[in-house]
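The following briefing covers selected features of a structural model, grouped by topic for reference alongside the coordinates.

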Amino acid sequence: MKITFPHMGTTYIPVKMMLDELNIEAILPPNSNKRTLEIGTKISPEAICVPFKIITGNIIEGIELGANTVFMLTGCGPCRFGIFSCLQEEILKDIGYPVEFITADRFSNYEGLKEFIDRLKEVSESNSTIKIINTIRKGYKMLHEVDELAELTNKIRPREVRKGEVDKKWFNFENEIRKTYGYKAMMNIINKYRYEFNNIEIDQDKDCLKIGLVGEIYTILESYINLYIERKLGNMGIEVVRMASASEFVKEQLDFIPFLKSDKKKIYRAAARYLDIPIGGHAIHTIGNIIRGTNEGFDGFIHLLPFTCMPEIVAGSILPTIEKEQNIPILSLVLDEMTGETGYMTRIEAFIDVVQKRREIKNEGKRLYWN
Amino acid sequence: MKTKIGIPRALFYYEFASLWVNFFSELGLEVIISPKTNKKIINDGTIAAVDDACIPVKIYHGHVINLRNKVDYLFIPRIMGITKKEYICPKFCGLPEMIKYSVKDLPKLINTKIDLMKKDNLLNQMLEVGYIFINDKKRIVEAYHKAKAIYDYEKSKLKLPLVNNTNNVVIMGHPYILSDDYLNMNIKAKLKKAGLNYLLPEMFDDDILTKYAKQYNGKVFWYFFHQMIGTCFYLLEQKLVEGIIYLSSFGCGIDSVVAETVERNIRRNCDIPFMLLTIDEHSGEGGFNTRLEAFIDMLKWRKQNENYISPYGNYLYTR
Ligand code: SF4
Ligand code: SF4
């Protein structure tokens, strides 16, 4: 069995590692790119959200590389993610790709987690439950490590002395880790690069603007679809903070385990003034994280969402009020396969201008006070 | 003077009208329902709502605007789910927020949570609504039962006695699109005029649809998906219709999945013509009519040439 799976940011790293550890051949599709989106768009329903299109493209590219099985998380929810795999299976069937789908439901309770383990067991015939649980544990750890590495780069990038160093190193990191097999070796690479990133020469005292990325999780994590927004802002000298990550998402799912406490409660509490009930997707996170971030001194937020994304549209309707009442700049960027580089950049630059001005006024206020 | 409560004639109004209206009247309130959708309502709603909302939600905003100065209360329940274990569109759960933050000068809102996903406790939820107006449990319960009886009767009246006549076309889509004749460009009258009978998913028995929905081998977790896919398999088996029209809303996240799944299953399994018509606030009636007429002509032509076999394989469809 050769398994492929769709991308979501860098989640491929722990997923591949887990398959390696279980002796299952993993077929990594190339990172999402122009061709991925083109193939995906061609065979997907026109009106569906862009994550679906890219994911479908990933699957096809995986099949082209020889995969005969697709592994995907599904999960029931008001959001479409849960139904992606069913429709994708139908589409692939209709165009004559003979692949099997293995899906695992979200694991937000013990039964779900058990089902997930059973699924993995099924796939990897010869492994014991203990081995599988251990592998899941390793996967969880690596997911965190990779997310932390990305956070680190977001701190360093705006402050690096030699422009482009972080990006170059990150490129090398991905190239290397893709070719590495198994937990130990992959962990070594992560450690090596953590060391290298930490040793990049930076301007310690640089006072950077701090912008939070909120919104629909896939569009935040998949840099191809957000046109590499983290890199762009970072290279403009802005510190970017992803306010949603795969590791936090998984942690929330596992929240039912007593000793794993996610930030969920805090986020919900922060959001309560504007939205006091989770309505699906990440809408409540969008609101809660903006309020939390505002209190923590962020300078502004960029709200990313795919066109027609239902939960984020609800969140989007609340944002103008928050922007006014909390006096915090927020920019909503709606993404689809037609999003053009130029218009996108113009909007971001105009937004950064506003954020910059606000910061200057604030700083002046401070100085006046101290005088 | 009686207290006035307003109900926007949009979205789930079409599903629950008789229940809500009668319940509030029984409680002694004056119920005011916004007029049928018109140009002004659509325009007002489009301006007020967030840009990326679908038209049904924009229209809802328009109806709220129409009512806001005429009533003391507006009934905008937070509907989480209307059937067991099945989700509905997240916009229904967030509707109170969308309205609150997009429409100014609102009267008092009633945003009681209606959630029938876990257990069927509609009575308790309506009790909560009733207590806002009177502190008399007995009367509220009575009002509820009266209204519920009328509601159930009205629902049953919609159901189709199983007749197997010809000239039937089914129109699929969200009930609030199929019931709003301004929004659906009077499609029902147009079909009638062309000598066709129309069937709607709500005319089929729920139990039958549930049974047929099981034929779909993927997960069915939206109520609407279940209704549509059930209708689809039911029609495939019963051969009740000569054509299938799916009316979808531009910008609807659910339609994009459901319409595609329905279309694929129909095309794979039979040769009944299928047409997907998408409505948005800018689409003119002209283009809509042209496509509808072409579809109707094709149905007639197929009828006259019953033995005709499509040169394109075993299905015929337009898009
Ligand atoms: S959250 Fe939004 S983008 Fe993600 S699947 Fe749901 S509708 Fe699509
Ligand atoms: S189901 Fe579709 S049409 Fe209905 S409210 Fe949701 S997005 Fe709009």
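A salt bridge is counted here where a side-chain nitrogen of Lys or Arg lies within 4 Å of a carboxyl oxygen of Asp or Glu. By that criterion the structure, which is a predicted model, holds 35 salt bridges over all chains. Side chains of opposite charge can pair when their charged atoms come close.

**Salt bridges in chain A**

- Glu196(A) and Lys169(A) meet through their side chains in a salt bridge, with an N to O distance of 3.9 Å.
- Because Glu196(A) belongs to helix H8 (residues 183–198) and Lys169(A) to helix H7 (residues 165–178) of chain A, this pair ties together parts that are 27 residues apart in sequence.
- Glu196(A) is partly exposed, at 27% relative accessibility, whereas Lys169(A) is buried, with a relative accessible area of 17%.
- A salt bridge also links Glu341(A) to Lys232(A), where the closest N and O atoms are 2.5 Å apart.
- Glu341(A) is in helix H15 (residues 341–370) and Lys232(A) in helix H10 (residues 229–235) of chain A, so the parts tied together by this pair are 109 residues apart in sequence.
- Glu341(A) counts as partly exposed, at 42% relative accessibility.

**Salt bridges involving chain B**

- Arg78(B) and Glu97(B) form a side-chain salt bridge with an N to O distance of 2.9 Å.
- This pair links distant parts of the chain, 19 residues apart: Arg78(B) is in strand S4 (residues 78–81) and Glu97(B) in helix H5 (residues 95–102) of chain B.
- Arg78(B) and Glu97(B) are both buried.
- One network, joined by salt bridges that share partners, comprises Glu90(A), Asp94(A), Glu260(B), Arg264(B) and Arg268(B).

**Surroundings of ligand 2**

- The shell around ligand 2 consists of Cys54(B), Pro56(B), Val57(B), Cys89(B), Lys91(B), His174(B), Tyr176(B), Cys252(B) and Gly253(B).
- By residue class, this shell has six nonpolar, two polar and one charged member.
- Ligand 2 lies between domain 1 (4–157) and domain 2 (168–305) of chain B, because both domains give residues to its shell.

**Domains of chain A**

- The domain assignment divides chain A into domain 1 (2–128) and domain 2 (208–371).
- The centres of these two domains of chain A, taken over C-alpha atoms, are separated by 28 Å.
- Between them, 26 residues of domain 1 of chain A are in contact with 25 residues of domain 2 of chain A.

**Contacts of Thr37(B)**

- Thr37(B) is placed in the loop between strand S2 (30–33) and helix H2 (39–48) of chain B, and Thr37(B) is buried at a relative accessible area of 7%.
- The Thr37(B) side chain makes polar contacts with the side chains of His63(B), at 3.0 Å, and Asp180(B), at 2.6 Å.
- Leaving aside residues up to four places away in sequence, Thr37(B) touches Arg9(B), Ile42(B), Ile59(B), His63(B), Asp180(B) and Tyr182(B).

**Positive phi values in chain B**

- Met185(B), a residue other than glycine, has a positive phi near 55°.
- Met185(B) is in the loop between helix H8 (175–178) and helix H9 (187–193) of chain B, and Met185(B) is buried at 11% relative accessibility.
- Asn186(B), in the loop between H8 and H9 of chain B, likewise has a positive phi near 55°.
- Asn186(B) counts as partly exposed, at 37% relative accessibility.

Conventions. Residues are numbered from 1 along each chain as its sequence is written. Chains are lettered from A and ligands numbered from 1 in the order in which they are written. This is a predicted model: local features need pLDDT of at least 70, side-chain atom pairs count only at pLDDT 80 or more; totals for chains, interfaces and linings use all residues. Side-chain values use heavy atoms; hydrogens and water are left out. A residue is near a molecule or strand if one of its heavy atoms lies within 4 Å of it. Ala, Val, Leu, Ile, Met, Phe, Trp, Tyr, Cys and Pro count as nonpolar, Asp, Glu, Lys and Arg as charged, and the others, Gly among them, as polar. Domain bounds come from an automatic or database domain assignment. Helices (H or I, at least four residues) and strands (E, at least two) are DSSP runs, numbered from the N terminus. Buried means under 20% relative accessible area, exposed over 50%, partly exposed in between (1.4 Å probe, protein chains only). A polar contact is a pair of N or O atoms within 3.5 Å; within protein, one must be able to donate a hydrogen and the other to accept it, and residues adjacent in sequence count only if both atoms are side-chain atoms. Contact means heavy atoms within 4.5 Å.
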